[in-house]
Amino acid sequence: MTRVVAQGTFDIVHPGHLHYLQEAKAMGDELHVIVARRQNVTHKEPPVLSNRQRRDVIAALETVDVAHVGHETDIFAPIEEIDPDVIALGFDQHHDADGIREALAERGIDCRVDRVTGREPRYDEEILSTGAIIERILEQRGSE
């Protein structure tokens, strides 16, 4: 059995996330998803929703076998616990694949690190980014 790990913030789940998780699942037999803790999100605005709520939403997706909330201080602790064969990075995630490979090697974790493909919108109104969804909400409802 091939175990795959995907990870993300997942504050507002959208079709881009679904594409990411479907491609990650296709890399193996079992998909574990690590939902980043709010306090560990430093590369963008922190999520609005709680860690538990975001984890529960991801866990409800058919593609996901197990959803986890990330570790409080060590982002690699869940990786050691899950012991994946593959870590699937999102198309536009900020992570450096080579840096992750080096950190895994330093910890003696033997797994591949692959990046999924991107996906173009399928119709004019489809939004594939949390930031773009937030911008649209603010444009349409920000002054209410």
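Of the 144 residues in the protein chain, 41% are buried, where buried denotes under 20% relative accessible area, exposed over 50%, and partly exposed the range in between (1.4 Å probe, protein chains only). The structure is a predicted model, in which local features need pLDDT of at least 70 and side-chain atom pairs count only at pLDDT 80 or more, whereas totals for chains, interfaces and linings use all residues. Residues are numbered from 1 along each chain as its sequence is written, and side-chain values use heavy atoms, with hydrogens and water left out.

The secondary structure of the protein chain consists of five helices and five strands, helices (H or I, at least four residues) and strands (E, at least two) being DSSP runs numbered from the N terminus. Along the sequence these elements follow the pattern β-α-β-α-β-α-β-α-β-α. The radius of gyration of the protein chain is 15 Å, close to the 15 Å given by the globule rule for 144 residues, so the chain is as compact as a globular protein of that length; this radius is taken over C-alpha atoms, and the rule is 2.2 Å times the number of residues to the power 0.38. Taken along the principal axes, the C-alpha atoms fill a box of roughly 50 × 30 × 30 Å. Among the contacts with a separation of 6 or more, 71% are accounted for by residues 24 or more positions apart, a contact being defined by heavy atoms within 4.5 Å. The protein chain exposes about 8700 Å², of which carbon and sulfur atoms supply 46%; accessible areas come from the Shrake-Rupley method with a 1.4 Å probe, and for residues only the protein chains shown count as cover.

Within helix 2 (residues 51-59), the residues Asn51, Arg54 and Ile58 are buried. Viewed down the axis of helix 2, its buried residues fall within an arc of 75°, so they line one face of the helix; the arc is that of the directions from the helix axis to the C-beta atoms. The cover over the buried residues of helix 2 includes helix 1 (15-26), strand 2 (30-35) and strand 3 (66-69). His68 lies in strand 3 and, at 17% relative accessibility, counts as buried. Apart from its neighbours within four places in sequence, His68 is in contact with His32, Val33, Ile34, Val35, Arg55 and Ile82. Val57, which also belongs to helix 2, counts as partly exposed at 38% relative accessibility. Together with Val13 and Leu18, Val57 makes a nonpolar surface patch of about 190 Å². Patches are made of residues with over 30% relative accessible area and no salt bridge, like charges being joined within 9 Å and nonpolar side chains (Val, Leu, Ile, Met, Phe, Trp, Tyr) within 5 Å.

Most residues other than glycine have a negative phi. Phe10, however, has a positive phi near 55°; this residue is placed in the loop between strand 1 (3-8) and helix 1 and is buried, with 3% relative accessibility. Asp83 likewise has a positive phi near 55°, in the loop between helix 3 (77-82) and strand 4 (86-89), but Asp83 counts as partly exposed at 49% relative accessibility.

Side chains of opposite charge can pair when their charged atoms come close. A search of the whole structure finds ten salt bridges, each a side-chain nitrogen of Lys or Arg within 4 Å of a carboxyl oxygen of Asp or Glu. One of them joins Arg107 to Asp74, with the closest N and O atoms 2.9 Å apart. Arg107 lies in the loop between helix 4 (97-106) and strand 5 (112-115) and Asp74 in the loop between strand 3 and helix 3, so this pair ties together parts that are 33 residues apart in sequence. Arg107, partly exposed at 34% relative accessibility, also meets Glu80 in a salt bridge (3.3 Å, N to O). This second pair links distant parts of the chain, with Glu80 in helix 3 and Arg107 in the loop between helix 4 and strand 5, 27 residues apart; Glu80 is partly exposed at 41% relative accessibility.

A further salt bridge is formed by the side chains of Asp98 and Arg101 (2.7 Å, N to O), both of which lie in helix 4, three residues apart, or about one turn of the helix. Asp98 is partly exposed at 47% relative accessibility, and Arg101 is partly exposed with a relative accessible area of 36%.
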